[in-house]
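These are my notebook entries on one structure. I record what I looked up, entry by entry.

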Amino acid sequence: MFRSEYADVGVVDEPIHDVVLGGAAARGDAPALVDGVAGTTLTYVQVDQFHRKVAAGLAQAGVRKGDVVALHSPNTIAYPVAFYGATRAGASVTTVHPLATPEEFARQLKDSAASWIVTVTPLAAAARRAAELAGGVREIFVCDPAGDSGHRSLLDLLGTDAPEPRIAVDPADDVAALPYSSGTTGRPKGVMLTHRNIATNLAQLTPMMPMGPGDRILAVLPFFHIYGLTALMNAPLRQGATVVVLPRFDLDTFLAAIEEHRINGLYVAPPIVLALAKHPAVEGYDLSSLRYIVSAAAPLDADLARACSQRLGLPPVGQAYGMTELSPGTHVVPLAAMDTAPPGTVGKLIPNTEMRLVSLDDPAVDVATGEPGEVVVRGPQVMKGYLGRPQATAEMIDGDGWLHTGDVGTVDADGWLFVVDRVKELIKYKGFQVAPADLEALLLTHDGIADAAVIGVTDDDGNEIPKAFVVRSDPALTEDDVLSYVAGRVAPYKKVRRVAFIDDVPRAASGKILRRQLREG
Ligand SMILES: CC(C)(COP(=O)(O)OP(=O)(O)OC[C@H]1O[C@@H](n2cnc3c(N)ncnc32)[C@H](O)[C@@H]1OP(=O)(O)O)[C@@H](O)C(=O)NCCC(=O)NCCSC(=O)/C=C/c1ccc(O)cc1
């Protein structure tokens, strides 16, 4: 068993809005959030006041403790105001991909029993359609100016004279965030992250990756995933840094924002490291403000990481490891050790965290030193469970509280973890989860498809992409037919990008798809 070598930090039993914004009023006019394109700024005192008004307005609208608010928006400077306003009103926030189709969104609304939606006007029609399909949504708000959308804006709530709600939060039990993840197997499930889970993980990560007033962080990864929510929203706002917000990744806009806003810390996923390492556009910008780059969400090739840091004259790109179910972090390369950490490592165990590497054949048996084993972890950041799915929860978190990650790792003599393989079926497209079970279910709705299986394969850029193995019932079915059928029905990151036609999907007697056979093909 491995234990963190760092001193324990206490378990944080406070609501997330107090943990992050408790010091905000005292930071006064210091910039908290800056729109990276328009330049609009929210100061710390504004974020403090605005989220309290939003909480009051939501409470007046009828939001009660335990309600679920679906937050459906790209990154904007209003996103944190909506998030903390909702949690202060006692709600749990389920974060939704802004490009989810109405059907995907409706599934999440229904599963999470969400009764409120906060969206943006360009996405309001999709939100309305999702609400119609799901039922049970009491009101849709937008967080930009309402225009003629027909919805109330959170901006309207800023004028409320309703009292700020005083909700008794039980941080150990009450769910603050409910992001969706497929975990190691099956379709997306609601991950119940309590106030304690998220707040304690922040406290665990802070000593390893300190930031503070004067630091300028670029939020290009989405706030709707736990990586962005923690690294780009909660952590910097809690420590008084400035978050420069971009709604999506466009290389030139991203590079221009680094130059213009003198960004010093970047938290990215591997496709952005690739662009920084290889794209000619990088030469056109002054990136000299950058001090460090952290990458997480998907495996980062060690050579690519080196090419990126050498080109920019920075310390090696430091990786972090975790998953939605872990609030999200268990391992990071500490900022102070970026120069000395071995290439390819995802980091060391953060405080209060334990790990075992167990045999793939028998999870009760720990592997020998230096041998690869499934990474299992235990700590205060382990989720409360999957919403409404005790069995899926029990399959992932055993009776002793160990969470089985589905990743395979090795540890070197100094305690650095290397992730070397994956036993879970999950596909990661650019750091976004694609659940094979989701795509298989969709493919089977096509009249010309008798059976299907989906696995991840690697493209020329090193990205993992979904490939479908399809058994045709209609011999005229083409690859393009399959690609466009799926593309028309899923969010863009979930598209099937390759197709092979086969005679039979290999299955075990239990009916389980033998994915390894397809991979070894
Ligand atoms: C910025 C990325 C890296 C690249 O962006 P992109 O190249 O524009 O592609 P997208 O992935 O956004 O979009 C997919 C497709 O949708 C398209 N798209 C895009 N926006 C549009 C549009 N508005 N209209 C229409 N089409 C569009 C886009 O063009 C693209 O099409 P294609 O060219 O076919 O791939 C993006 O993929 C991204 O944000 N990835 C990261 C996802 C992420 O945050 N994952 C975290 C999961 S949680 C986790 O792992 C935690 C780890 C962790 C561990 C420990 C810690 O301490 C901290 C963290």
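Entry 1, strand 6. I looked up the side-chain directions in strand 6, which spans residues 116-119. Trp116 and Val118 point one way, Ile117 and Thr119 point the other way, and all are buried. I take buried as under 20% relative accessible area, exposed as over 50% and partly exposed as in between, with a 1.4 Å probe and protein chains only. Strands (E, at least two residues) and helices (H or I, at least four) are DSSP runs, numbered from the N terminus.

Before going further I note the basis of these entries. The model is predicted, so local features need pLDDT of at least 70 and side-chain atom pairs count only at pLDDT 80 or more, while totals for chains, interfaces and linings use all residues. Residues are numbered from 1 along each chain as its sequence is written, and side-chain values use heavy atoms, with hydrogens and water left out.

Entry 2, partners of strand 6. I count two strands as paired if DSSP finds at least two bridges between them. Strand 4 (residues 68-72) runs parallel to strand 6 and is joined to it by three bridges; Val69 has Trp116 as its bridge partner. Strand 7 (residues 139-142) also pairs with strand 6 in the parallel sense, over four bridges, and there Ile140 stands opposite Ile117.

Which residues come nearest to the ligand? I found 29 residues around it, of which Tyr429, Lys430, Gly431, Pro492 and Arg497 come nearest. A residue is near if one of its heavy atoms lies within 4 Å. By class the shell holds 20 nonpolar, four polar and five charged residues. Here Ala, Val, Leu, Ile, Met, Phe, Trp, Tyr, Cys and Pro count as nonpolar, Asp, Glu, Lys and Arg as charged, and the others, Gly among them, as polar. Strand 16 gives the largest share of the shell, three residues.

An N or O atom in the side chain of Arg248 is 3.4 Å from a nitrogen atom of the ligand. For Lys428, a polar side-chain atom lies 3.3 Å from a ligand oxygen atom. The side chain of Arg497 has an N or O atom 2.8 Å from an oxygen atom of the ligand. On its own the ligand has 1100 Å² of accessible area, and the protein covers 78% of that. The areas come from the Shrake-Rupley method with a 1.4 Å probe; for residues, only the protein chains shown count as cover.

Most residues other than glycine have a negative phi, and most peptide bonds are trans. I found a cis peptide bond from Ser327 to Pro328, with omega near 5°; Pro328 lies in the loop between strand 16 and strand 17. Lys430, although not a glycine, has a positive phi of about 50°. Lys430 sits in the loop between strand 24 and strand 25 (432-434) and is partly exposed at 38% relative accessibility. Asn352, also not a glycine, has a positive phi of about 60°. Its loop runs between strand 18 (348-349) and strand 19 (354-358), and Asn352 is buried at 17% relative accessible area.

Technical notes:
Polar contact = N/O pair within 3.5 Å; in protein donor to acceptor, adjacent residues only side chain to side chain.
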